[in-house]
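User: Can you walk me through this one? I'd like the fold first, then the packing.

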Amino acid sequence: MKMKSYSSFFFMFLVLAFSSIQVSLADCDNLQDTCPTSPPEKKTTFINALSCNNPANKSAHDFKTMELSKAGSRDQFGSSVNIVTASKFPGLNTLGISIGRTDIEADGIVNLHNHPRASEMIFVKEGVLEVGFLDTQNKLFQKALKECDVFVLPKGLFHYFLNRGIEVATVFSVFNSQNPGFQSLTPKRSTSESVEKIKRKLISLSELELDSVNDLSLAVSEIIYS
């Protein structure tokens with residue numbers, strides 16, 4: 001009887017373990033070739049957060065988008081960030097990817113932010129910019145990028161973009177998640193004075209030699225909470 005009890009316990013443990021592994025995956029593998037998003041008014045079931053359209057209604061149109069053809073409206077930092085997921089681009093549904101476009105005016109920045117569910121690979125279409133990210137040890141990795149350069153930003157790490165040129169910089173991104181998320185610690189109601197203060201601190205941070213930064217976490221905190 002005791003042996004049977006142990007066997008039942010072990011079986012339940014295996015079930016729970018495999019269930020946990022499945023849940024911890026960022027985006028599950030496909031179970032079918034394609035799954036264009038179903039129109040919101042026709043949703044009946046949910047797969048990877050969005051339901052599939054009727055296979056009989058799929059077309060090549062589902063796999064093309066013009067969402068990244070134009071820059072969006074710019075924020076107080078002189079930048080626009082447009083992340084396109086399966087909700088706007090049906091053909092992406094269940095593929096585990098999303099795309100984005102960022103435009104930064106001269107002297108503009110994309111302030112420190114992260115994507116909690118995805119790594120980001122960027123391609124510089126035009127312009128000159130400084131890109132940097134912080135790892136979990138508060139070590140800063142930064143690089144000057146120019147047209148056609150590619151840079152990878154690891155999942156969940158805070159990063160920033162800074163336009164160091166005299167013209168608008170445009171960057172295209174690919175994320176390895178259907179829903180990468182966007183988390184910024186910048187106050188939503190920053191004054192023009194605080195925005196300029198953040199810009200100055202971010203520029204000074206990008207110009208620092210790493211060996212001369214005694215407390216990088218403090219320097220970054222000052223930028224975030226300006």
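Analyst: Here is a quick tour of the elements, the surface and the cores. This is a predicted model, where local features need pLDDT of at least 70, side-chain atom pairs count only at pLDDT 80 or more, and totals for chains, interfaces and linings use all residues. Residues are numbered from 1 along each chain as its sequence is written, and side-chain values use heavy atoms, with hydrogens and water left out.

User: How many helices and strands are there in the protein chain?

Analyst: The protein chain has 3 helices and 10 strands. These are DSSP runs: helices are H or I with at least four residues, strands are E with at least two. The order from the N terminus is α-β-β-β-β-β-β-β-β-β-β-α-α.

User: What percentage of the residues count as buried?

Analyst: 37% of the 226 residues. Buried means under 20% relative accessible area, with a 1.4 Å probe and protein chains only.

User: Which residues have the most contacts inside the largest nonpolar core?

Analyst: Ile122, Leu129, Val131, Leu145, Phe151, Leu153 and Phe161, in a core of 13 residues. Such a core is a set of buried Ala, Val, Leu, Ile, Met, Phe, Trp, Tyr and Cys residues joined through side-chain atoms within 4.5 Å.

User: Which elements give two or more residues to this core?

Analyst: β4 (120-126), β5 (129-134) and β7 (150-153). β5 gives the largest share, 3 residues.

User: And what is Leu129 in contact with, leaving aside neighbours within four places in sequence?

Analyst: Its partners include Ile104, Val124, Leu145, Phe161 and Val171. Contact means heavy atoms within 4.5 Å.

User: What does the second, separate core include?

Analyst: That core has 10 residues, among them Ile109, Leu112, Val195 and Leu202.

How values were computed
Buried means under 20% relative accessible area, exposed over 50%, partly exposed in between (1.4 Å probe, protein chains only).
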